[in-house]
Amino acid sequence: MTPMNPENNKPNAGYKRRSASQWAVAWRRFRRNKAGVAGLIIVLAVVFVGIFGDALAPYPAFPNPKALTPFYNGDVRTPPSSKYLLGTDVLGTDVLSDILHGTKYALYVGVVVTAITMAIAIVVGSIAGYFGSWIDNVLMRLTEVFLVFPSLLFILIFVRVFTLGAGAGASFNFLGISIPIGLTIVIFVLAVFNWPGDARMIRGEFMRIRELEFIEAEKALGASNRRIIFRHILPNILSSIIVVASLTIAYAILLEAGVSFLGFGDVNTMTWGQILENNFSDMRIVWWAEVFPGLAILITVFGFNLLGDGLSDALNPRLRD
Amino acid sequence: MAETLLKIEGLKTYFFTEAGIVKAVDNVSFDVRKGESLGLVGESGSGKTVTALSVLRIVPKPGKIVEGKIEFKGEDLLEKNETEMQAMRGREIAIIFQDPSSSLNPIFNVETQLRDVLLAHEKISKEECRKKIIDLMNLVGIPEAEIRMREFPHQFSGGMKQRVAIARALALQPTLLFADEPTTSLDVTIQAQVLDLLEELKKKLGMSLVMITHDMGIIAKMTTRVVVMYAGNVCEIAKTEDLYEHPRHPYTALLLAAVPRLDRKKKLRIIPGNIPNLIEPPSGCRFHPRCEYATGKCAEEPPVLEEVEPEHFVACYEWKNISLKGENH
């Protein structure tokens, strides 16, 4: 209740009504969630490294990781020391620098895979969930087709075929940033096989909201289908979408690392998974070239997961139990 | 007699469920006159709400209007396409729902909700829109409109929420307003306020009001004419006074006898039985299994509405042979 001034029956001077929008409430709830805040801090740190990693790295990025000559003064498989904080790997590159340079790729994978995944999932999920009947049937069968594909196998095949087609180390320019084509293809293939689960979730949410009375009320006030979908249902499930998106980022980073580790990623881009793959055969000697990139993946994925859980608790408090 | 605004003729709205076809509204005919308050009364499940949703053509799936005519201002609404209907909803015909806490979008503040309605149908400037919103909130009696319009539905009490819902329904000054049990989910003290407000607004804006309710007290207070519905059929149409004094349909009489009264120590009548299953409704008159006056004929053929005296229609074979007690007997 607003503190009232008894003399003039108006709110006290200087009293500012606390903002009570859904987002303000969620933020207040989020701040109380220690795990969520820890996740947010980790994610912000990873983003910071992603942006400034190239400048922070003690050594420049390795131009061609498959080149067989040692790059840094012939210091191959050097254990961690003051010169190479996390040691050097089988190719003679500084592991710390590799991790720092690789952060931007991890974020690129996470964010773009999630963006494409969510875009497809939202379009398919909303149409299927809102219109129902045969449209729903057709779209859900299509979704199931993607769901029952042995996706890992397809990812391996597509990535191999397409990265070979693009040529080794090819890249394109986007807003002045050089982006490797091979990795981009990996991203697209990952996204194409990743959307069905999220589409189902969004469909379910649409079906739930569609039946609520305020949708009927909006219809009674002359709202069109488009208006109901974009203005009334989507904003209502935005919180679920945000939660799923942050978890999808974590999953995509993990998936790309897995694909690269199996040797089917973009061999010309030193992603974290690629570092693991390069040093796998010598793991018993260069444990540092496996453990530290692995830790980078672990911390990043953990951070996004914590953030996702925190968001989930803050945005959908009813789902907690 | 005032001009007819809405004329419903032989309306059939069925729900095609997996269990079978639910005949929620079956051959319903009545009219709404310009500027009048019409009551639409009946037990839960008698088809009152579905009738209103049919007029707006927003019957939820798997419901469908199967047959009939809904003439509004001389035009058949059932012949209009979806875009034309969208233009009618809110602007010409509006509805207030039972539960204000679920009929407002929880994530937008009141200003946004009202602005959406205003801008959906007409192009007006930002300041004009703001002014209209404040006017509307004043109209429905929400104090401190300028502060409260920035608040969200969950910050309003039930009565205030219903006022917001009313403001939203009235934003475009519709000529016909359905109020679907607008006070059922409110406290008794708030009920009277909301009803008074509706009455006042109806007079001020000169619209027709269709009050959907099962509460005979509200009917007596608010309406001049009543349509009594039972199991998807209309059983009686009469002027409110007439209906209370001389109900002609046994079901109406039972409805009246089920209203508690303080001034008389009388046992409340309970209408025996339940509203019938509408997938396989009783043959003939749908009320006959629960009716103490039923004869063999009632089970055979459904009775049609006949005019027993001016402005008083009843669908019953036995009306001549029975004498029913009104409210004051």
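Modeller: Before we start, two strands count as a pair here if DSSP finds at least two bridges between them, and please keep in mind that this is a predicted model.

Colleague: Fine. How many bridges join strand 3 of chain B to strand 8 of chain B, and do they run parallel or antiparallel?

Modeller: There are 5 bridges between strand 3 (residues 37-41) and strand 8 (residues 208-213) of chain B, and the two strands run parallel. Within that pairing, Gly39(B) has Met211(B) of strand 8 of chain B as its bridge partner.

Colleague: What is the strand order of the open sheet of 8 strands in chain B?

Modeller: The order is 6-7-8-3-9-10-12-11, with mixed pairing. Strand 6 and strand 11 (306-309) of chain B are the edge strands, each of them pairing on one side only, and the average twist from one strand to the next is 20°.

Colleague: Which strands does helix 7 of chain B touch when it packs on the sheet?

Modeller: Helix 7 of chain B touches strand 6 and strand 7 (176-180) of chain B, and its direction makes about 175° with that of strand 6 of chain B.

Colleague: Staying with that helix, at what angle do helix 4 and helix 7 of chain B cross?

Modeller: The axes of helix 4 and helix 7 (residues 158-170) of chain B cross at roughly 20° and come within 9 Å. Since angles under 35 degrees count as roughly parallel, helix 4 of chain B is therefore roughly parallel to helix 7 of chain B. The crossing of these two helices of chain B is right-handed.

Colleague: And which residues make the contact?

Modeller: Helix 4 of chain B contributes Val110(B), Gln113(B), Leu114(B) and Val117(B), while helix 7 of chain B contributes Val164(B), Ala167(B) and Arg168(B). By class, this contact of helix 4 with helix 7 of chain B has 5 nonpolar, 1 polar and 1 charged.

Colleague: Now the other sheet in chain B: what is the order of the open sheet of 4 strands?

Modeller: That one runs 2-1-4-5 with antiparallel pairing. Strand 2 (20-33) and strand 5 (75-76) of chain B are at the edges with a single partner strand each, so one side of each has no neighbour in the sheet. Strand 1 (residues 4-17) of chain B pairs with strand 2 of chain B over 11 bridges in the antiparallel sense, and Thr13(B) is found opposite Val25(B) of strand 2 of chain B.

Colleague: Let's switch to the interface. How many residues does the contact take from chain B and from chain A?

Modeller: It takes 24 residues from chain B and 17 residues from chain A. On the side of chain B that touches chain A, the elements giving two or more residues are helix 2 (82-88), strand 6 (93-96), helix 3 (100-103) and helix 4 (110-121) of chain B, and helix 4 of chain B gives the most, with 3 residues. That side of chain B has 12 nonpolar, 7 polar and 5 charged residues.

Colleague: Over in chain A, at what angle do helix 2 and helix 3 of chain A cross?

Modeller: Helix 2 (residues 34-56) and helix 3 (residues 95-131) of chain A cross at roughly 140°, with their axes coming within 7 Å, which makes helix 2 of chain A oblique to helix 3 of chain A. This crossing in chain A is left-handed, and the residues that meet include Val46(A) and Gly50(A) of helix 2 of chain A and Leu100(A) and Leu107(A) of helix 3 of chain A.

Colleague: What ipTM and pTM does the model score?

Modeller: The model scores ipTM 0.80 and pTM 0.79. Chain B averages a pLDDT of 86, with 98% of its residues scoring at least 70, and chain A averages 83, with 86% of its residues scoring at least 70.

Colleague: Which element of chain A has the lowest mean pLDDT?

Modeller: Strand 2 (residues 10-11) of chain A has the lowest, at 50, whereas helix 3 of chain A has the highest, at 93. Over residues 65-70 of chain A the pLDDT stays under 50, and the model has 8 contacts beyond four places in sequence for that stretch.

Conventions. Residues numbered from 1 in each chain as written. Chains lettered and ligands numbered in written order. Predicted model: local features only at pLDDT ≥ 70, side-chain atom pairs only at ≥ 80, totals over all residues. Contact = placed C-beta atoms within 7 Å. Nonpolar A, V, L, I, M, F, W, Y, C, P; charged D, E, K, R; others polar. pLDDT = per-residue confidence, 0-100. Axes fitted to C-alpha atoms, helices over the stretch in contact; angles between N-to-C directions. Parallel < 35°, antiparallel > 145°, perpendicular 65-115°, else oblique. Left-handed = near helix turned anticlockwise from the far one by under 90°.
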